[in-house]
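Hi there,

Here is the structure I promised to pass on. Have a look at it first, and then read my notes below.

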Amino acid sequence: LQQLGDERHRLLWTMHHLITDGWSLPLLVMEIFTLYEAHARGEPVTLDRPRPYGEYIAWLKKQDKARTEAFWKRELQGFSAPTPFRVDRPASGGAGDGLFEERRLVLPEALAKALSVFARQHRLTPSTVVQGAWALLLSRYSGEQDVLFGATVSGRSAPLAGIDRMVGVFINTLPVRVS
């Protein structure tokens, strides 16, 4: 908290995603504003105490690791290396110049709407459509018919009461295999 004058302050807030996930951010902001508004009115504050994140960690530790490992070994059978993405190397196979360029593309409104309609018609999320396009791109550039890439998910599906109000890291990167 930075004091800029007698009645002026600035709150600077930074955190890394290793500390908390995107779902937790609105929970924290809501608590800050609740505390601030009560303080500004001179009223006492009582916040509901959320379930501790440690309960989620304890739940994770109780999971059957051998069963999970067997599941992923079955799902990923046949893969021993990442799907190659050959666009980062010149066709000659020599070392690249190390120069990269950032490009931004804004989809025309009509195309964005068409993609949204496509996703709804096929009962897909926009993320699934993008992941499908990425799988096709990987397949084309790698020459592989069976590709594998990671997708980060944020989920709170553990059967714990109050998990929706826990603050912590609930993100996970899962392998996505597409043939």
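**Confidence and overall build**

For the protein chain the mean pLDDT is 87, with 93% of the residues at 70 or more. Where pLDDT is low, the predicted coordinates should not be read in detail.

A word on conventions: residues are numbered from 1 along each chain as its sequence is written, and side-chain values use heavy atoms, leaving out hydrogens and water. Local features need pLDDT of at least 70 and side-chain atom pairs count only at pLDDT 80 or more, while totals for chains, interfaces and linings use all residues.

The protein chain has 5 helices and 4 strands, which are DSSP runs numbered from the N terminus (helices: H or I, at least four residues; strands: E, at least two). From the N terminus on, their order is β-β-α-α-α-α-α-β-β. The radius of gyration, taken over C-alpha atoms, is 23 Å, well over the 16 Å that the globule rule (2.2 Å times the number of residues to the power 0.38) gives for 179 residues, so the protein chain is more spread out than a compact globule. Its C-alpha trace spans about 70 × 45 × 40 Å along the principal axes.

**Surface**

The accessible surface of the protein chain is about 14800 Å², and 57% of that belongs to carbon and sulfur atoms; areas come from the Shrake-Rupley method with a 1.4 Å probe, and for residues only the protein chains shown count as cover. Of the 179 residues, 14% count as buried, meaning under 20% relative accessible area, with exposed over 50% and partly exposed in between.

I32 is found in helix α1 (residues 24–41). This residue is partly exposed, with a relative accessible area of 32%.

V147 lies in strand β3 and is buried, at a relative accessible area of 1%. Beyond its neighbours within four places in sequence, V147 is in contact (heavy atoms within 4.5 Å) with residues including F79, A135, L138 and V178. How far apart are the C-alpha atoms of V147 and I163, 16 residues apart along the chain? They are separated by 34 Å.

Happy exploring!

Terms used:
Buried < 20%, exposed > 50% of the residue type's maximum accessible area, 1.4 Å probe, protein only. pLDDT = per-residue confidence, 0-100.
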